[in-house]
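Try each task before you read its solution.

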Amino acid sequence: MRASTRLIWTVTVLVLAAVSEAVFPLPSNPFLPGNHNRKLGKQGGGKKGGGRRRGGAEAQTNWPGKWELFLPNSGVSAMHAILMPVINQVQFYDATIWRISQIKLPPGVPCHVVDPKINKVDCWAHSVLVDINTGVIKPLALTTDTWCSSGGLTINGTLVSTGGYGGGANTARYLAACPTCVWIEYPQALAAKRWYSTQASLPDGKFFVIGGRDALNYEYIPEEGQNNKKVYDSLLLKQTDDPDENNLYPFVWLNTDGNLFIFANNRSILLNPKNNQVIKEFPQLPGGTRNYPGSGSSALLPIQLYMNNAKVIPADVLVCGGSKQDAYNRAGKKDFEPALQDCARLSINSGKPRWKKEMMPTPRVMSDTVILPNGDVILVNGAKKGCSGWGYGKDPAFAPILYKPRGKRGLRFKELAPSGIPRMYHSIAIALPDGKVLVGGSNTNDGYRYNVEFPTELRVEKFSPPYLDPALANMRPKIVNNGAPKQIKYGKVFKVKVELNQKEVTKDNLKAHMLAPSFTTHSISMNMRMLLLGVASVNPSGGNCFEIQAAAPPNGNIAPPGYYLIFAVYKGVPSVGEWIQIV
């Protein structure tokens, strides 16, 4: 971390010193062009087509969930993870800088030449594909360093990984979703070095990438094989860059209007990616820092859609945990401060947005936030003290926390069954098609080390959330074979056929949800997105089968084109998800 105090930080401190614990809009917006006192027009937030969405009562259970060991050794510590579409394999990769893992490259795959002058080679794999059902591991070769990189999926399901360390910092890498595909790397694709940056999908399926160490700017990822030369300065990053940084891996969410919500440190804006103008600044979130190394976590909460949608579709952002501004500096002196315990929620399309806080059962830093198939949110992994960094976190947070976005404020949290494995710095968690959560990683060491307080972790677990309570098994829908289309078009009505042995099945209690796979690393889940689809009707279809008539998302602002998992959800109990592509 840089220790020097910059002039820009000095100015920012003077501004922040006036901020109280009350949440309020900043008096002027330094990000907006022209008149700094310009007033924002009122934004609509109403629903078209009939008030508050009705829903059948959720199935009740006190089951706290269950952990199972999925893999005793993943070969590569899971620093980064994403579920690859259709093939149902998870991509794990770490960093090549250590020249070590626990799995060798397969026969016939040449070793990476690290230094040709002394014939130094690296024959270890730093990337693996893991079958989520069988656990079969396929090692893949990487040549550029992916340490602390970012990623996302293209329209056709190809993983685009950007940035990393050293020679990998300007790289764009491509891995298509097929059993025999290999990495293709372009080391000069990016204009700026991107180490600890965030990548976001745009309405047209292209990518935006922002931030990184010493990169207080953003750019647009070019087409495969091309090099980008243009960057855009970010005043937000410049003004939130403090002595411990605290603005790396910013949270970026595509709003329902096609603009980008960007949160760094404790401040946030709305950026128009078409003209690169900041169109709104939101109230500051007080209490501490939320981005790396402060490392809170965030989610764009499930987006409610209808058969006929309002012009402005509401969108809520959740930011949970983090640390005090000086936590990194203190941790370097072996002073591990308690993490933040609050979760704050912001309706970003409201005419008068305000952060609304609630308290989690325990403090958390370095947690992963995962949207579950039924629309609930789980926070898992991390610590209760310290911050991100090698050895900078203490007191593991073993128990996940369930957050119910539709619950009554103050009653939305519930602590679940704890794991027995510490998941500290460099852990991951992602939702799986069967409704479980895959949890892996944890390496708070400079390299692969085992005789330390928190060893490099290669075990991979699966967590079953409360809706997988065996007592609820008869309430679980099943999408019948070929019961959902493989591809849908924006705004069109389509059908999903499900099998469900229940009475009184209606459109009030049987829903259709779509979940975009997230790229997860460093407590940030890039491009995680859930859509609660509008349902026109639910009709009997013979035997125990029912047919859901649902409307596809209206446009790319709501759902960028590409692959999603579609789930049928009955009273909060989801089916196994099926892959569906929006075009």
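The exercises below go from the whole chain to its aromatic pairs.

This is a predicted model, in which local features need pLDDT of at least 70, side-chain atom pairs count only at pLDDT 80 or more, and totals for chains, interfaces and linings use all residues. Residues are numbered from 1 along each chain as its sequence is written, and side-chain values use heavy atoms, with hydrogens and water left out.

**Exercise 1. Compare the radius of gyration of the chain with the globule rule.**

Step 1: take the rule, 2.2 Å times the number of residues to the power 0.38, with the radius taken over C-alpha atoms. Step 2: for 583 residues, a compact globule would have a radius near 25 Å. Step 3: the chain has 23 Å, which agrees. Along its principal axes, the C-alpha trace spans about 70 × 65 × 45 Å.

**Exercise 2. Describe the secondary structure, burial and contacts of the chain.**

Step 1: count DSSP runs, with helices being H or I of at least four residues and strands E of at least two, numbered from the N terminus. This gives three helices and 45 strands. Step 2: call a residue buried under 20% relative accessible area, exposed over 50% and partly exposed in between (1.4 Å probe, protein chains only). By that rule, 61% of the 583 residues are buried. Step 3: take contacts as heavy atoms within 4.5 Å. Among contacts with a separation of 6 or more, 65% join residues 24 or more positions apart.

**Exercise 3. Classify the ring pair of Tyr165 and Trp195, and say what it ties together.**

Step 1: rings of Phe, Tyr and Trp (its six-membered ring) pair if their centres lie within 6.5 Å; planes under 30 degrees apart are stacked, over 60 edge-to-face, and the rest tilted. The whole structure has 25 such aromatic pairs. Step 2: the centres of Tyr165 and Trp195 are 4.7 Å apart with planes at 50 degrees, so this pair is tilted. Step 3: Tyr165 sits in the loop between β9 (159–162) and β10 (172–175), and Trp195 in the loop between β11 (184–186) and β12 (198–201), so the pair ties together parts 30 residues apart in sequence. Step 4: Tyr165 is partly exposed at 31% relative accessible area, whereas Trp195 is buried at 15%.
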